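Have the structure open while you read.

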Amino acid sequence: MLFVLVANTAGAQFRQASIGINGLTCSQCSRSVEMQLRKLNFISDVDMDLEHKNGVLHFKTNSKVDMKAIAGAVKDAGFSVRYLKADIDMDQVTPAENGACFKIRGDVYYLLAPLATHTSKVTFRFMDYASKKELQAYALPDKTTAACKGNRVYHIVAEP
């Protein structure tokens with residue numbers, strides 16, 4: 001059965017995110033990225049892993065999470081995002097009419113592939129930070145419908 005989602009502004013909440021970072025080669029590089037990420041007011045903790053060149057970001061409860069700001073912090077530290085994935089609590093999410101997107105606190109999350117099941121926790125990959133090769137598997141929309149307009153639009157797919 002196919003479920004499509006629209007998030008209640010107060011209900012859905014990002015739990016944490018994982019981010020792959022291109023160019024991390026030393027502990028100072030990792031520390032530089034960590035310090036930039038810690039400046040973001042919605043992040044409660046950052047766990048960097050230099051060996052795997054990634055990090056896990058923990059978010060403050062009931063804070064508006066800004067994925068563009070996360071990518072910007074990595075760029076400000078002198079690096080680029082290889083991938084960005086985030087876990088979201090979907091318990092408060094209800095079916096949408098258009099089936100293409102859901103909103104959280106004014107931001108729009110455009111589904112490039114439909115969700116096959118409805119579970120309480122879903123990990124989404126933000127394709128806005130994917131390589132061109134990875135994006136070839138998806139048809140990016142030319143325009144979003146009125147229901148898919150908001151402050152920011154992110155293109156996402158659910159992780160298996």
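## The largest pocket

The largest pocket holds about 170 Å³ of space. A pocket here is an open set of points on a 1 Å grid over the protein atoms alone, with protein on both sides within 12 Å along at least five of seven lines, and lining residues have an atom within 4 Å of a point. The volume is the space filled by probe spheres set on the points, which are joined across faces, edges and corners.

This is a predicted model: local features need pLDDT of at least 70, side-chain atom pairs count only at pLDDT 80 or more, and totals for chains, interfaces and linings use all residues. Residues are numbered from 1 along each chain as its sequence is written, and side-chain values use heavy atoms, with hydrogens and water left out.

## Who lines it

Thirteen residues line the largest pocket, with Leu115, Ala116, Val122, Ala158 and Glu159 nearest its centre. Strands are DSSP runs of E, at least two residues, and helices are runs of H or I, at least four, numbered from the N terminus.

## Over at Ser63

Ser63 sits in the loop between strand 4 (54–59) and helix 2 (67–76). Is Ser63 buried or exposed? Ser63 is buried, because its relative accessible area is 17% and buried means under 20% (1.4 Å probe, protein chains only). Leaving aside residues up to four places away in sequence, Ser63 touches Gln13, Phe42 and Arg105, where contact means heavy atoms within 4.5 Å.

## The whole chain

The protein chain has three helices and 10 strands, running β-β-α-β-β-α-β-β-β-β-β-α-β along the sequence. Of its 160 residues, 43% count as buried.

How values were computed
Buried means under 20% relative accessible area, exposed over 50%, partly exposed in between (1.4 Å probe, protein chains only). On a 1 Å grid over the protein atoms alone, a cavity is a set of points where a 1.4 Å probe fits but cannot get out, and a pocket is an open set with protein on both sides within 12 Å along at least five of seven lines; lining residues have an atom within 4 Å of a point.
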